[in-house]
Amino acid sequence: MIFFFSGTGNTRFIATQLAQATGDRLIGIASAVLNNQYDYVLEPDERIGFCFPIHGWRPPFIVRDFVKRLRLEGYHGQFCYAFATCGDDVGLTFDYLRDDLLAAGITLDSVFSTIMPETYNFPFIDQVDTPESARAKIDAARERLARLMPDIVGRHRGVKQINASRWPRTNSRLLGSFFVKHWVTDTKFTVDADACTRCGKCRAVCPVGNIDCSDGNPPRWLHNGLCTTCFACYHHCPTHAIDFAGRTRGKRQYYFKD
Ligand SMILES: Cc1cc2nc3c(=O)[nH]c(=O)nc-3n(C[C@H](O)[C@H](O)[C@H](O)COP(=O)(O)O)c2cc1C
């Protein structure tokens, strides 16, 4: 089984490719959390995969919370791997995940990552890729995935194929904790009601059901405690009506379209 979380589709693409190559079933972490589903039965020879984007050089908090509550009936040391997608590098992400899994009684055997198009628009700079650089990154990721696939299909343990950070501790511990504390919040999203066409796309793509657009109103964030600031709402808005922290208007948008 492959547990995955994806905001803008990069990780969904990787998880889907993994599912096709392995024949393993896909389980969405966001739907599982929304449905309070933490109990799963594992087959004797089944792989366990975790796929997610890097957020602030850590796993998104929804992934960590899910893992901490996960109960896998039938687990007796089956091959367990994680595959992260990132804009640049992963910091100590897999150390955090390894510890969370260990607390749930599961050993993380191998870890992988690949660069995919950037989806975070940091308030002061436009990090999101141009269409051309996004395409080049996706092509490179396809090739990397093909190279990594045999280790996953073959259940090879002890493999570490990651996009390492230069200063992983500074990134994940110092910057990561600042990021999680101050920037992972739905309170910084606003909508330009004049530009909004009430199409409801933002509500449809929000992986955690945190947006209401009922009665023909512009989006209203529900503050349900599950927003990871994945930016799906921002990137999918056809009129670019959604802004984050007053800093992203006019900046680039991207979501995985293949
Ligand atoms: C809130 C947020 C934080 C991010 N933090 C990082 C980071 O610390 N390091 C990095 O390399 N990429 C970071 N990214 C980029 C994403 O990890 C990357 O674009 C990923 O492929 C997005 O996957 P998705 O489309 O499945 O959501 C961040 C993106 C978002 C939205």
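In which loop is His-223 found? His-223 sits in the loop between β11 and α8 (232–236). Helices (H or I, at least four residues) and strands (E, at least two) are DSSP runs, numbered from the N terminus.

Before going on, a word on what you are looking at. This is a predicted model, where local features need pLDDT of at least 70, side-chain atom pairs count only at pLDDT 80 or more, and totals for chains, interfaces and linings use all residues. Residues are numbered from 1 along each chain as its sequence is written.

His-223 is not a glycine, yet has a positive phi of about 55°. Because 11 other C-beta atoms lie within 10 Å, His-223 counts as exposed. The cut-offs are these: a residue is buried if 20 or more other C-beta atoms lie within 10 Å of its own, exposed if 12 or fewer, and partly exposed in between, with C-beta atoms placed from the backbone.

Asp-215 is another non-glycine residue with a positive phi, of about 55°. Asp-215 is in the loop between β10 (211–212) and β11 (220–221). Asp-215 has 6 other C-beta atoms within 10 Å and is therefore exposed.

One more loop residue. Asp-192 lies between β9 (189–191) and α7 (201–205). Is Asp-192 buried or exposed, or something in between? Asp-192 has 14 C-beta neighbours inside 10 Å, so Asp-192 is partly exposed.

Now the whole chain. The chain has eight helices and twelve strands. A compact globule of 258 residues would have a radius of gyration near 18 Å, and the chain has 18 Å, so the two agree. That radius is taken over C-alpha atoms, and the globule rule is 2.2 Å times the number of residues to the power 0.38. Along the principal axes, the C-alpha atoms fill a box of roughly 55 × 35 × 35 Å. Of the 258 residues, 39% are buried.

Next, contacts, meaning two residues whose C-beta atoms, placed from the backbone, lie within 7 Å. Among contacts in the chain with a separation of 6 or more, 76% are between residues 24 or more positions apart.

What is the strand order of the open sheet of six strands? The order is β2-β1-β4-β6-β7-β8, with parallel pairing. The edge strands are β2 (26–28) and β8, each of which pairs on one side only. Pairing here requires that DSSP finds at least two bridges between two strands.

Take β4 (residues 48–53). Six of the six residues in β4 are buried. On one side of β4 these are Ile-48, Phe-50 and Phe-52, and on the other Gly-49, Cys-51 and Pro-53. As background, in a regular strand the side chains alternate between the two faces of the sheet.

What pairs with β4? Strand β1 (residues 2–4) runs parallel to β4 over three bridges, with Ile-2 opposite Gly-49. Strand β6 is joined to β4 by six bridges, also in parallel. Here Phe-52 has Ala-84 as its bridge partner in β6, and Pro-53 has Thr-85.

Moving along, β6 (residues 80–86) pairs with β7 in the parallel sense over six bridges. The chain goes from β6 through helix α4 (residues 93–103) to β7, in a right-handed β-α-β crossover. Right-handed means that, with the strands pointing away from the viewer, the path from the first strand over the helix to the second runs clockwise.

Strand β7 (residues 110–115) has five of its six residues buried. Phe-112 in β7 is the bridge partner of Phe-83, and Phe-112 also stands opposite Gln-161 in β8. The pairing of β7 with β8 (residues 160–161) is parallel, over two bridges.

Last, the domains. The assignment gives domain 1 (2–181) and domain 2 (185–244), with bounds that come from an automatic or database domain assignment. Their centres, over C-alpha atoms, are 25 Å apart. Twelve residues of domain 1 contact ten residues of domain 2.

Which element supplies the largest share of the domain 1 side? That is α2, with three residues.
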